[in-house]
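Reader: I am new to this structure. Please show it to me, and then let me ask about it.

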Amino acid sequence: MNTNKVVLITGASSGIGAATATALAGAGHHVVLAARRTDLLTGVADAITASGGSASTRALDVTDAAAVRAAVDAVVADHGRLDVIVNNAGVMPLSRMDALLVEQWDRMVEVNVKGLLHGIAAALPHFQAQGGGHFVTVASIGAHEVVPTSAVYSATKFAAWAITEGLRQELEPSIRVTTVSPGVVESELADHITDPTAREAMRTYRRNTLPADTIARAIAYAVGEPAGVDVNEIIVRPAAQRP
């Protein structure tokens, strides 16, 4: 496994982001944890360093393009390079379309789509200048299917998949690109659903879940492969999740 990479992870304060930071630090990489909730970031980073890993934190709202650019530039200034960016930040306030929760639709577009684009735009010039790098997008099984209440969320995650796949096709082979699409994972995402129909549907849908470190291991696998190996897409879901 290639070690000693510098990795920036968005949405790293909990769930998949925190688990990924822990897994990658355990594999010998330096992880920069970025999110809005700095108190939680500090707790994750402290646990990593207490276990012998290398971690730092940065407050970041991915909807702010200038802030994302500044965060990436700061990582490069501090460490001389950025090897991997894990665009993980996301929100999932599911609802029926006729609930007309327009502000929540807008929030999903801002975080799930524009936040990803901001990460790509910030990291790509550095990857091109240094002759290599790795984009990892955390999408969702929602990129591959639509169910009632998931229309807008699935649209944003299909967009994330499409953007990342287009990026992969356009870039030189020295820059690797991976999309990871989790199925149902233990996380806070469902806690932010306000639509009663969607909340009820989630109780059934989330009967079988994966721990976040399952997805972290998939990301660590893709990151740890040799430079000539491009793991393009991974779908990970509970065996009991049909479809």
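**Chain layout**

Author: Read along the sequence, the protein chain runs β-α-β-α-β-α-β-α-β-α-β-α-α-β. Helices (H or I, at least four residues) and strands (E, at least two) are DSSP runs, numbered from the N terminus. This is a predicted model: local features need pLDDT of at least 70, side-chain atom pairs count only at pLDDT 80 or more, and totals for chains, interfaces and linings use all residues. Residues are numbered from 1 along each chain as its sequence is written, and side-chain values use heavy atoms, with hydrogens and water left out.

Reader: What percentage of the 243 residues count as buried?

Author: Buried means under 20% relative accessible area, exposed over 50%, and partly exposed in between (1.4 Å probe, protein chains only). In the protein chain, the buried share of the 243 residues is 49%.

Reader: Which element gives the most to the lining of the largest cavity?

Author: On a 1 Å grid over the protein atoms alone, a cavity is a set of points where a 1.4 Å probe fits but cannot get out; a pocket is an open set with protein on both sides within 12 Å along at least five of seven lines; lining residues have an atom within 4 Å of a point. The largest cavity is lined by 15 residues, with Asn-87, Asn-88, Ala-89, Gly-115 and Leu-116 nearest its centre. Elements giving two or more residues to this lining are α4 (102-130), β5 (133-138) and α5 (151-170). With 5 residues, the top contributor is α4.

Reader: How much space lies in the second largest pocket?

Author: Grid points are joined across faces, edges and corners, and a volume is the space filled by probe spheres set on the points. For the second largest pocket, that volume is about 210 Å³. Of its 15 lining residues, Lys-5, Gly-132, Gly-133, Ser-174 and Arg-176 are the closest to its centre. The space asked for is about 210 Å³.

Reader: Is Gly-183 buried or exposed?

Author: Gly-183 sits in the loop between β6 (175-182) and α6 (196-205). Contact means heavy atoms within 4.5 Å. Leaving out residues up to four places away in sequence, Gly-183 touches Ile-141, Val-236, Arg-237, Pro-238 and Gln-241. At 14% relative accessibility, Gly-183 is buried.

Reader: Which kind of aromatic pair do Phe-127 and Phe-135 form?

Author: Rings of Phe, Tyr and Trp (its six-membered ring) pair if their centres lie within 6.5 Å; planes under 30 degrees apart count as stacked, over 60 as edge-to-face and the rest as tilted. The whole structure has 2 aromatic pairs. Phe-127 is buried at 0% relative accessibility, and Phe-135 is buried at 1%. Their rings lie 4.8 Å centre to centre with 65° between the planes, so the pair is edge-to-face.
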